[in-house]
Amino acid sequence: MQWVGYAELASAVSNAGGLGILTALTQPTPEDLRKEIRRCRTMTKNPFGVNLTLLPALVPPDYGAYAQVIIDEGINIVETAGNSPGPVIRQLKAANVIILHKCTTIRHAQSAVKLGVDFLSIDGFECAGHVGEHDITNFILLSKARQTLGVPFIASGGFADGQGLAAALSLGAEGINMGTRFMCTVEAPIHQKIKQAIVEAQETDTELVLRRWRNTTRLFGNKVAREAVQVERESKEGKFEEVAPFVSGKRGREVFLNGDKDYGVWTAGQVIGLIHDIPTCGELVARIEREAISTLSKAASLYVGQVPYSVGPVQGSGSGKDGKPATGAELWGVGKSKL
Ligand SMILES: Cc1cc2nc3c(=O)[nH]c(=O)nc-3n(C[C@H](O)[C@H](O)[C@H](O)COP(=O)(O)O)c2cc1C
């Protein structure tokens, strides 16, 4: 998370039992990333990862140099995201780094698998930041991932609680990735007023900008984001320069420091509507575990007696007796289930 994924948050998430992730490009140079990795190591004994996001830029950062620092510092897991990750993935894989690639379409996920990534983070349309251009929400995207990808994946976008984790596991994911929810924790190194703005926001309070340039991004729906959308919609010429002043990353960064939610644009997902408090990362992760266990137990308790079929090797399809496809009655345990 750009301007949020510092050592304070990454270490707190890892100390809570999650996998904290530092954002490489939040550090102005590869050498600054090296210092941040070392700083994070003093704050947690647990593993943490680094995110490397490859986005189109007039003067792109030296991704190879950032990747080299990650390798030299002995980071074992990298989350890659963005366009044309091939060269960076090859560089990291050559050093035996485990790669989690984040993407918003099955097509991109399949390309990443061909490039040799180890697992995927499937980011639904609900997510904060770059949502892609196809607007597929996680109910479809995760099941499609289960049906088509041969590698494990985690679910990203729209998760804030254990009910969400249980749903993701049910759809075939191995776990969840959370961005916006972790912004709203005690340890997140952003202004308290921004955390409060998230608590007060509804799921309808995000805006999609830059669709016209096929770089659609979900932002917190503040005054500047709404103005950006208006310029984007109403401009006859559709020149990026017209909207650029509104979406300045510099002003967005300031928001997290000065606490003025309307000072510039900043990233948040629809999940803001589900966030009602500012716990520590430890409290949050423990709560999510409790909720997921109770949700899955409740679902399991809807069956009484023996499950009348065995689950076959094809994940999610369910199979009936003698390896034949399950009938509807078998799947639902008709006659035995409380349903
Ligand atoms: C403030 C903020 C900054 C983000 N910056 C990045 C980034 O630099 N690179 C990236 O791959 N994803 C970025 N994301 C997206 C998250 O990594 C994650 O995919 C997303 O937050 C998941 O959706 P959720 O917010 O509903 O949990 C950012 C998200 C937030 C909230």
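Biologist: Where does Arg214 lie?
Modeller: Arg214 is in the loop between S9 and S10. Keep in mind that this is a predicted model.

Biologist: What about its phi?
Modeller: Arg214 has a positive phi of about 50°, although it is not a glycine. For background, most residues other than glycine have a negative phi.

Biologist: And what is the phi of Ser84?
Modeller: Positive as well, at about 45°, and Ser84 is not a glycine either. Ser84 sits in the loop between strand S3 (77–82) and helix H4 (86–94). Ser84 counts as exposed because it has 11 C-beta neighbours inside 10 Å.

Biologist: Back to S9 and S10. How do they pair?
Modeller: In the antiparallel sense, over 4 bridges, with S10 covering residues 217–220.

Biologist: Switching topic: how is the chain divided into domains?
Modeller: Domain 1 is made of 7–189 + 277–293, and domain 2 is 195–271. Their C-alpha centres lie 22 Å apart.

Biologist: How many residues are in contact across the two domains?
Modeller: 20 residues of domain 1 are in contact with 13 residues of domain 2. On the domain 1 side, strand S6 (129–130) and helix H8 (180–183) each supply at least two of the touching residues. H8 gives the most, with 3 residues.

Biologist: What's the make-up of that side by class?
Modeller: The side of domain 1 that touches domain 2 has 9 nonpolar, 7 polar and 4 charged residues.

Biologist: OK, the ligand. Which residues are closest to it?
Modeller: Ala81, Ala128, Gly179, Thr180 and Gly269 are the closest, out of 26 residues that surround the ligand.

Biologist: Where does the ligand lie relative to the domains?
Modeller: Between them, because domain 1 and domain 2 both give residues to the shell around the ligand.

Biologist: Which element supplies the largest share of the shell?
Modeller: H8 does, with 3 residues. Strand S2 (48–54) and H8 each supply at least two residues of the shell. H8 also came up at the domain contact, where it gives the most to the side of domain 1 that touches domain 2.

Biologist: And how do the shell residues divide by class?
Modeller: The shell around the ligand has 10 nonpolar, 12 polar and 4 charged residues.

Biologist: Now S7. Are its faces covered or open?
Modeller: Both faces of S7 (residues 153–156) are covered. Phe153 and Ala155 are buried on one side, and Ile154 and Ser156 are buried on the other.

Biologist: What joins S5 to S7?
Modeller: 4 bridges join strand S5 (residues 119–123) to S7, and these two strands run parallel. Within that pairing, Leu120 stands opposite Phe153. S7 is also joined to strand S8 (residues 176–177) by 2 bridges, and they run parallel too. There, Ala155 is opposite Ile176.

Biologist: Which helix goes with S7 and S8 in a β-α-β unit?
Modeller: Helix H7 (residues 162–171), and the unit is right-handed.

Biologist: Last stop, Gln192. Which helix is it in?
Modeller: Gln192 lies in H9 (residues 192–200). Gln192 is exposed, because 11 other C-beta atoms lie within 10 Å.

Biologist: How far is Gln192 from Leu257 in space?
Modeller: 9.3 Å, C-alpha to C-alpha, while the two are 65 residues apart in sequence. Leu257 lies in helix H12 (residues 249–258). Leu257 is partly exposed, because it has 13 other C-beta atoms within 10 Å, and exposed would need 12 or fewer.

Biologist: And what separates Gln192 from Ser111?
Modeller: Their C-alpha atoms are separated by 40 Å, and the two residues are 81 residues apart along the chain.

Conventions: Residues numbered from 1 in each chain as written. Predicted model: local features only at pLDDT ≥ 70, side-chain atom pairs only at ≥ 80, totals over all residues. Buried ≥ 20, exposed ≤ 12 C-beta atoms within 10 Å, placed from the backbone. Pairing = 2+ DSSP bridges. Right-handed = clockwise from strand over helix to strand, strands pointing away. Domains from an automatic or database assignment. Contact = placed C-beta atoms within 7 Å. Nonpolar A, V, L, I, M, F, W, Y, C, P; charged D, E, K, R; others polar. Near = placed C-beta within 6 Å.
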